[in-house]
Amino acid sequence: MKKLNIGLVGAGFMGKAHVVGYSNMPKLFWPAPAMPVFKTVCDIVPEIAEEAKERFGFERCCTDWHDIVNDPEIDVVSICTPNNAHAEVAIAALEAGKHVICEKPIASKLEDAKAMAEAAKVAADKGIVSMNAYQYRRVPAIDLAKKFIDEGSIGKILNIRCTYLQSWSADPDSPLSWRFQKDIAGAGTLGDITSHVVDIAQYLAGDIDEVVSMMQTYIKERPVQEGGVDLLGTVKLGADAPRQVVDVDDENSFLVKFKSGAVGSIEATRNAWGRNNFITIELHGTEGSLAFNYERLNELQVCFAKDPDDRRGFKTIYTGPAHFHGEATWNIPGMNIGYGELKAIEMYEFVKAIAEGYQPSTSFEVGYRIERVCEAVAESAENKKWEKVRD
């Protein structure tokens with residue numbers, strides 16, 4: 001079986017997620033399209049790099065990503081750095097002939113996203129695969145919704161409403177990680193979580209054409225955290241901690257028009273007490289409706305207009321062996337999958353694309369278009385008018 005030597009750049013929260021995905025992929029999808037081999041892990045903090053080597057089972061560690069990109073033994077580069085480093089690492093890796101999977105958003109600046117998409121196109125002509133890691137569209141229930149849409153079961157799409165609500169940064173004593181700094185993240189909630197539901201909305205309903213939006217920053221300054229680890233609201237710093245200004249958005253909400261003629265709305269915030277990872281989709285068509293909530297990610301609610309009048313209403317389908325990737329996960333509906341299996345599904349598509357020589361569904365071009373939508377959202381909030389998404 002073909003082996004792929006993995007170089008991981010960034011050993012924090014998402015680095016762990018990639019390792020879990022690679023590790024579990026062949027355990028679930030067997031025979032695997034190829035076997036990942038953990039070769040080198042990189043982090044700019046030496047202690048974190050060394051710990052990740054031992055914890056995740058890599059052969060080597062380093063503190064300079066060039067050591068991975070320039071290593072002829074490395075086949076795949078996984079990029080799990082803060083957003084402002086994505087473009088430099090990804091483009092260098094592609095030019096060095098490495099396959100690349102890069103966390104979302106694709107970049108912190110639109111021009112960097114464009115450069116990454118262009119580099120990926122050149123690399124694709126040489127058989128190099130690149131992928132933007134938008135894992136939530138790979139939830140089997142979302143794929144089932146896509147199947148119902150494509151086969152015409154709910155008719156022509158009329159509207160779609162999406163939310164992504166979290167609470168991890170609602171506390172003003174949550175530290176100022178890089179996710180609250182525009183020069184590193186590029187945007188706040190808009191890039192961090194809104195981009196996920198923009199991807200799902202476009203996956204289900206087609207390209208967004210035009211938006212009108214509002215953006216808010218509620219917590220104007222936060223305590224400065226020590227060290228470079230992204231703590232994601234899991235700790236609180238005291239009132240006497242030094243504070244710095246937050247220069248990104250906490251919340252955004254906007255109306256959307258799709259090229260298909262459908263309309264909808266998207267709302268996202270990291271300041272919603274009581275909401276954890278609350279991704280919701282409700283889609284209405286001429287022949288039925290679909291509803292999904294990630295906090296119950298093994299369920300899809302469906303309603304079909306052709307059902308008899310006395311029994312028409314939403315019913316719940318529990319995804320399992322009869323649905324997408326059901327043969328690879330667990331044998332009984334209701335046994336359920338979670339975030340770890342989702343990352344394994346994502347890595348399966350990535351590794352399968354490498355083995356079979358095609359570009360994954362979330363290519364760098366897809367990631368670039370998501371950034372163009374987010375750019376239009378930011379411009380609309382500033383200009384207070386409808387903005388077209390640039391093609």
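Reader: How are helix 1 and helix 9 oriented to each other in this model?
Author: Happy to start there: this is a predicted model, where local features need pLDDT of at least 70, side-chain atom pairs count only at pLDDT 80 or more, and totals for chains, interfaces and linings use all residues. Residues are numbered from 1 along each chain as its sequence is written, and side-chain values use heavy atoms, leaving out hydrogens and water. The axes of helix 1 (residues 13–28) and helix 9 (residues 339–356) come within 7 Å and cross at roughly 75 degrees. Since angles of 65 to 115 degrees count that way, the two helices are therefore roughly perpendicular.

Reader: Which residues of helix 1 make the contact with helix 9?
Author: Contact here means heavy atoms within 4.5 Å. On the helix 9 side, the partners include Tyr339, Met347 and Phe350. From helix 1 come Met14, Ala17, His18, Val20, Gly21, Tyr22, Asn24, Met25 and Leu28.

Reader: Is phenylalanine 258 buried or exposed?
Author: Phenylalanine 258 sits in strand 11 (residues 251–258). Beyond its neighbours within four places in sequence, phenylalanine 258 touches Ile160, Ala201 and Val263, among others. Buried means under 20% relative accessible area, and exposed over 50%. With a relative accessible area of 4%, phenylalanine 258 is buried.

Reader: How many disulfides are there?
Author: A disulfide is a pair of cysteine sulfur atoms within 2.5 Å. For cysteine 303, the nearest cysteine sulfur, that of cysteine 162, is 19 Å away. For cysteine 374, the nearest is also that of cysteine 162, at 13 Å. By this rule, the count is zero.

Notes:
Axes are lines fitted to C-alpha atoms, for helices over the stretch in contact, and angles run from 0 to 180 degrees between N-to-C directions. Helices (H or I, at least four residues) and strands (E, at least two) are DSSP runs, numbered from the N terminus. Angles under 35 degrees count as roughly parallel, over 145 as roughly antiparallel, 65 to 115 as roughly perpendicular and the rest as oblique. Buried means under 20% relative accessible area, exposed over 50%, partly exposed in between (1.4 Å probe, protein chains only).
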